[in-house]
Amino acid sequence: MLANSIKTCLLVLLLLIVSACASNPEPRNRELSASQKSTANDVLFHAISLVGTPYKYGGNSPNTGFDCSGFVKAMYEQTIGLALPRRAVEQAAATQPIDKSELQPGDLVFFNTLKSAFSHVGIYVGDNKFIHSPRSGSEVRVEDMHQSYWLRRFDGARRVMPLVA
């Protein structure tokens with residue numbers, strides 16, 4: 001009798017576990033609200049106004065120049081008052097991971113350019129393009145993520161906007 005009770009309990013427990021695994025969690029809404037899209041546009045307009053600003057390692061202002069993470073930090077801080085961390089790897093850790101297929105303007109895109117994860121960052125513009133401050137001797141510019149250099153080095157995408165809902 002005790003063996004039958006144990007078998008019944010184990011069967012019920014197994015059914016509960018299987019049914020829990022089979023249930024579909026509610027999908028997360030990854031679309032940006034109208035106010036988030038407006039905020040992202042503000043960030044992008046400011047960023048695009050600085051195309052041509054020289055690269056400067058450690059730079060974080062249009063007067064002295066920008067490095068990649070200094071550019072991203074300055075765009076969010078100067079436009080919407082959001083203080084992101086200074087380094088690209090820290091910016092990746094402080095923002096919400098999203099799938100590449102979910103990219104929206106204003107999201108951050110990360111690349112492995114120094115044989116180190118999340119060593120380069122830019123701001124997604126849309127249409128597979130991003131704006132960034134690439135390297136010494138160059139300047140802030142918009143580039144296509146489909147270029148082979150960037151395709152091979154893509155490290156992931158992150159969303160900043162939910163922090164500013």
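Student: What should I know before reading any values?

Tutor: This is a predicted model, so local features need pLDDT of at least 70 and side-chain atom pairs count only at pLDDT 80 or more, while totals for chains, interfaces and linings use all residues. Residues are numbered from 1 along each chain as its sequence is written, and side-chain values use heavy atoms, with hydrogens and water left out.

Student: How many helices and strands does the protein chain have, and what makes a run count as one?

Tutor: There are five helices and eight strands. Helices (H or I, at least four residues) and strands (E, at least two) are DSSP runs, numbered from the N terminus. Read from the N terminus on, the order is α-α-β-β-α-α-β-β-β-β-β-α-β.

Student: Why is Asp107 called buried?

Tutor: Buried means under 20% relative accessible area, exposed over 50%, and partly exposed in between (1.4 Å probe, protein chains only). Asp107 has 0% relative accessibility, so it counts as buried. By that rule, buried residues make up 39% of the 165 residues in the protein chain.

Student: Where does Asp107 lie, and what does it touch?

Tutor: Asp107 lies in the loop between strand E3 (96-98) and strand E4 (108-111). Contact means heavy atoms within 4.5 Å. Leaving out residues up to four places away in sequence, the partners of Asp107 include Tyr76, Glu102, Tyr124, Arg158 and Arg159.

Student: What lies 2.7 Å from the backbone nitrogen of Gln104?

Tutor: A polar atom of the side chain of Asp107 lies there. A polar contact is a pair of N or O atoms within 3.5 Å; within protein, one must be able to donate a hydrogen and the other to accept it, and residues adjacent in sequence count only if both atoms are side-chain atoms.

Student: How do you know that the length of helix H2 agrees with what it should span?

Tutor: The expected span of a helix is 1.5 Å times one less than its number of residues. For the 16 residues of H2 (residues 34-49) that gives 22 Å, and the end C-alpha atoms are 22 Å apart, so the two agree.

Student: Why say that the buried residues of H2 line one face?

Tutor: The buried residues in H2 are Gln36, Thr39, Ala40, Val43, Leu44 and Ala47. Seen down the axis of H2, they fall within an arc of 135°, so they line one face of the helix. That arc is taken over the directions from the helix axis to the C-beta atoms. On the face turned away from the buried side, H2 carries the exposed residues Ala34, Phe45 and Ser49. What covers the buried residues includes helix H3 (68-80), strand E5 (120-126) and strand E6 (129-132).

Student: Lys115 and Phe118 are both in the loop between E4 and E5. Is each one buried or exposed?

Tutor: Lys115 has a relative accessible area of 83%, so it is exposed. Phe118 comes in at 19%, so it is buried. Lys115 has a positive phi of about 55° although it is not a glycine, and phi of Phe118 is near 55°, also a positive value in a residue other than glycine.

Student: Why is Leu84 called buried?

Tutor: Its relative accessibility is 5%, so Leu84 counts as buried. Leu84 is found in the loop between H3 and H4. Leu84 and Val160 are 76 residues apart in sequence and 9.1 Å apart in space, C-alpha to C-alpha. Val160 is also one of the residues that Leu84 touches.

Student: What about Leu50, buried or exposed?

Tutor: At 11% relative accessible area, Leu50 is buried. Among the residues that Leu50 touches are Pro62, Phe66 and Val140.

Student: What makes something a pocket here, and which residues lie nearest the centre of the largest pocket?

Tutor: On a 1 Å grid over the protein atoms alone, a pocket is an open set of points where a 1.4 Å probe fits, with protein on both sides within 12 Å along at least five of seven lines; lining residues have an atom within 4 Å of a point. The largest pocket is lined by 20 residues, of which Tyr55, Tyr57, Cys68, Leu114 and Ser119 lie nearest its centre. H3, helix H4 (88-93) and helix H5 (148-153) are the elements that give two or more residues to that lining.
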